[in-house]
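This note is intended to accompany your reading of the structure. Please keep the sequence and the 3D view open while working through the numbered points.

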Amino acid sequence: MIVMKFGGTSVQDANAMQRVLSIVKSRIPKKPLVVVSAMSGVTDALIHCAETSHLGREDAALERFEKEVYVPHRRVLQELIQESQLREPLMKTMEENFREVRTLFHGLSILGELTPRSLDAIASYGERFCSLILAASLLEHGIQTHWINACDFLITDDQHTKANPLMDLSLAKARETVVPVLEQNEVVVTQGFVGSNRIGQTTTLGRGGSDFSATILGALLDAEEIEIWTDVPGVMTADPRVVPEASTISELSYTEAAELSYFGAKVLHPKTIWPAVEKKIPIRILDTFHPENSGTRVLENPRINDHPVKAVTSIRNLSILTVEGRGMLGVPGVAARAFTAVAKEKVNLLMITQSSSEQNICFVIEQKAANSTIHALEDEFEIEIARHQIDTIRSQDKVVIIAVVGAGMKGTPGIAAKVFGALGHAGINVISIAQGSSEYNLSFVVHEKDGDDAVRSIHREFQL
Ligand code: ADP
Ligand code: ASP
Ligand code: MG
């Protein structure tokens with residue numbers, strides 16, 4: 001079997017859905033399991049409406065829901081599904097679901113509270129609506145199709161809004177619910193992004209998480225291949241919105257793809273790669289709007305190409321925190337304690353640097369976590385601050401990490417010189433630098449205003 005995942009723009013309207021239909025049709029002999037995202041913009045709208053409702057503005061939420069969720073789905077449904085035996089029951093199911101969401105908004109406005117758990121319950125409806133329409137549409141085209149609720153087999157931990165799969169439990173469930181359907185040669189349609197915890201509460205895998213759902217399912221079901229269908233020709237040498245001349249990379253190793261997604265290539269959710277690695281399942285990134293193109297293949301051993309650097313990416317909205325003090329020199333455990341304090345705040349460290357003089361440690365985190373992290377560090381080092389062993393704990397906001405990625409960088413001299421030479425020529429100041437000893441990735445921090453220029457200068461320098 002294969003897994004096919006379609007992102008938001010690939011299902012954004014009836015025309016796009018028609019394309020998806022014909023792509024799925026072309027894969028029927030391969031036994032596809034189809035994972036869909038919400039229609040473009042719908043998850044944003046649902047989250048926004050939930051936030052508005054809990055602030056007591058239920059009317060505003062309902063208005064936006066009508067315009068950005070209800071009307072677009074009704075339109076697609078009416079344009080796409082003609083047969084009344086399919087259309088009527090689908091309309092009924094959809095209306096019931098719309099009512100549920102409105103009731104949830106009402107609940108939030110009464111409680112005045114929005115927990116990660118209720119946010120997940122609401123955000124999950126985008127995928128549900130979209131997958132129900134797609135399944136009906138496949139049926140209308142005479143394709144034996146079975147809609148399965150992802151909550152019935154993708155079991156996750158309890159980390160609402162960023163849940164991780166519990167693979168053993170999910171496998172047992174998938175064997176009960178999904179495998180028998182595939183064995184009947186029916187196409188399975190399900191939701192990306194969504195799962196449920198052990199006690200059946202809806203969870204989500206984090207924004208953009210449908211890619212992750214696809215590879216989780218691929219790994220559970222031993223897929224032959226996982227296809228990620230999106231709105232670009234594949235993984236590109238840089239974000240095409242920043243570098244219009246970016247080109248498509250034909251092959252990437254799992255490690256390269258993981259580095260790229262982790263460091264901001266939005267085309268793949270950061271956790272997409274890991275489920276596929278263990279079972280060595282190839283992943284292909286393909287363009288829904290040009291299905292004939294071969295896209296990008298992610299596999300264990302890509303063909304060698306002569307570009308040591310394959311791509312440049314960036315992550316925005318970050319802060320760089322610095323813990324500094326002459327008294328830190330030779331004091332064991334400062335780094336460990338700093339990292340533990342950060343971990344307790346459940347904040348993800350994106351990059352760490354320490355100078356060999358040991359007088360400061362810097363790490364990069366999401367900007368929205370900067371304040372709470374500084375407080376956590378001040379608490380942790382209260383004594384050292386009082387003794388002046390640590391002088392400052394400060395943050396600089398509005399920074400970006402730029403990552404230069406490629407397996408061929410390993411052992412190739414001169415890469416760093418070229419990178420920093422290009423930045424120097426462009427007059428860009430580098431705030432901090434890190435390179436792991438795997439040498440797959442050279443990352444550095446610049447001010448947000450320089451981020452796009454930095455990406456473009458490096459892209460040009462390496463003629464990507
Ligand atoms: P989908 O809805 O299909 O999941 P996303 O919007 O999540 O699509 O991801 C695709 C987008 O990722 C592209 O439109 C592109 O702007 C952006 N992107 C960022 N970096 C890259 C890159 N290196 N290669 C391709 N696309 C990238
Ligand atoms: N619909 C979800 C989001 O917008 C998941 C996804 O698109 O992958 O984040
Ligand atoms: Mg995406």
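1. In this predicted model, the contact between H1 and H3 brings Ala-14, Met-17 and Gln-18 of H1 against Val-76, Glu-79 and Leu-80 of H3. By class, the residues of this contact comprise 4 nonpolar, 1 polar and 1 charged.

2. Two packed helices are described by the angle between their axes and the distance between the axes. For helix H1 (residues 14–26) and helix H3 (residues 58–80), the axes come within 9 Å and cross at roughly 55°. H1 is therefore oblique to H3. The crossing of these two helices is right-handed.

3. H3 also packs with helix H4 (residues 84–111), at an angle of about 165° and with the axes 11 Å apart. Because angles over 145 degrees count as roughly antiparallel, H3 is described as roughly antiparallel to H4. H3 passes H4 in a right-handed crossing.

4. Attention may now turn to ligand 1. There are 16 residues around ligand 1, and those that come nearest are Thr-230, Asp-231, Met-236, Arg-241 and Lys-266. Thr-230 places a polar side-chain atom 2.7 Å from an oxygen atom of the ligand. For Asp-239, a polar side-chain atom lies 3.2 Å from an oxygen atom of ligand 1. With Val-267, it is a polar backbone atom that lies 3.3 Å from an oxygen atom of ligand 1.

5. What surrounds ligand 2? Its surroundings consist of Ser-37, Ala-38, Thr-43, Glu-127, Phe-193, Arg-207, Gly-208, Gly-209 and Ser-210.

6. Some of these residues can be examined at the level of atoms. A nitrogen atom of ligand 2 lies 2.8 Å from a polar side-chain atom of Thr-43. Glu-127 has a polar side-chain atom 2.6 Å from a nitrogen atom of ligand 2. In the case of Arg-207, an N or O atom in the side chain is 2.6 Å from an oxygen atom of ligand 2.

Notes. Residues numbered from 1 in each chain as written. Chains lettered and ligands numbered in written order. Predicted model: local features only at pLDDT ≥ 70, side-chain atom pairs only at ≥ 80, totals over all residues. Heavy atoms only, no water. Axes fitted to C-alpha atoms, helices over the stretch in contact; angles between N-to-C directions. Helix = DSSP H or I, 4+ residues; strand = E, 2+ residues; numbered from the N terminus. Parallel < 35°, antiparallel > 145°, perpendicular 65-115°, else oblique. Left-handed = near helix turned anticlockwise from the far one by under 90°. Contact = heavy atoms within 4.5 Å. Nonpolar A, V, L, I, M, F, W, Y, C, P; charged D, E, K, R; others polar. Near = heavy atom within 4 Å. Polar contact = N/O pair within 3.5 Å; in protein donor to acceptor, adjacent residues only side chain to side chain.
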